[in-house]
Amino acid sequence: LRLTRDLIEALRDARHPFALVTKSSGVERDLDLIAPMAAGQLAAVYVTITTLDGELARALEPRAASPQRRLRTIRTLAQAGVPVG
């Protein structure tokens, strides 16, 4: 639905800082907006990792990104200069 992207665009236009908390790797789709804001100290992303056990993760969060996918998302964000935790 592009709701998150639309909101990030509005925050960017207003130069309003934000932090995003997610368990989705979908945040990478908006990296083109988030990275420049992070460079201006206006954005940070926090990725929830409940467990590194893939089987347990599927049982606890069946529709969420796998732990390994979340770790790759963290790496991608960090390499783009986004503060990530």
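The structure is a predicted model, so local features are reported only at pLDDT of at least 70 and side-chain atom pairs only at pLDDT 80 or more, while totals for chains, interfaces and linings use all residues. Residues are numbered from 1 along each chain as its sequence is written, and side-chain values use heavy atoms, with hydrogens and water left out.

The protein has four helices and two strands, taken as DSSP runs (H or I of at least four residues for helices, E of at least two for strands) and numbered from the N terminus. Read from that end, the order is α-β-α-β-α-α. Of the 85 residues, 35% are buried, where buried means under 20% relative accessible area, exposed over 50%, and partly exposed in between (1.4 Å probe, protein chains only). Among contacts (heavy atoms within 4.5 Å) with a separation of 6 or more, 65% join residues 24 or more positions apart.

Next comes the core. In soluble globular proteins, nonpolar side chains tend to be buried together. Here the largest nonpolar core holds 16 residues, and F18, I34, M37, V45, L77 and V82 have the most contacts inside it; such a core is a set of buried Ala, Val, Leu, Ile, Met, Phe, Trp, Tyr and Cys residues joined through side-chain atoms within 4.5 Å. Two or more residues come from each of α1 (3-14), α2 and β2, with α2 giving the most, six. Leaving out neighbours within four places in sequence, V45 touches several residues, including L20, I34, L77 and V82.

Helix α4 (residues 67-79) spans 18 Å between its first and last C-alpha, close to the 18 Å expected for its 13 residues, the expected span being 1.5 Å times one less than the number of residues. P67, R70, T73 and L77 are buried in α4. Seen down the axis, the buried residues fall within an arc of 110°, so they line one face of the helix; the arc is that of the directions from the helix axis to the C-beta atoms. These buried residues pack against α2 (31-39), β2 (43-47) and α3 (54-60). After α4 comes G81, with a positive phi near 85°.

Finally, T51 sits in the loop between β2 and α3 and is buried, at 18% relative accessible area. Beyond residues up to four places away in sequence, T51 touches L56, A57 and P67. A polar atom of the T51 side chain lies 3.1 Å from the backbone nitrogen of D53.

Notes
A polar contact is a pair of N or O atoms within 3.5 Å; within protein, one must be able to donate a hydrogen and the other to accept it, and residues adjacent in sequence count only if both atoms are side-chain atoms.
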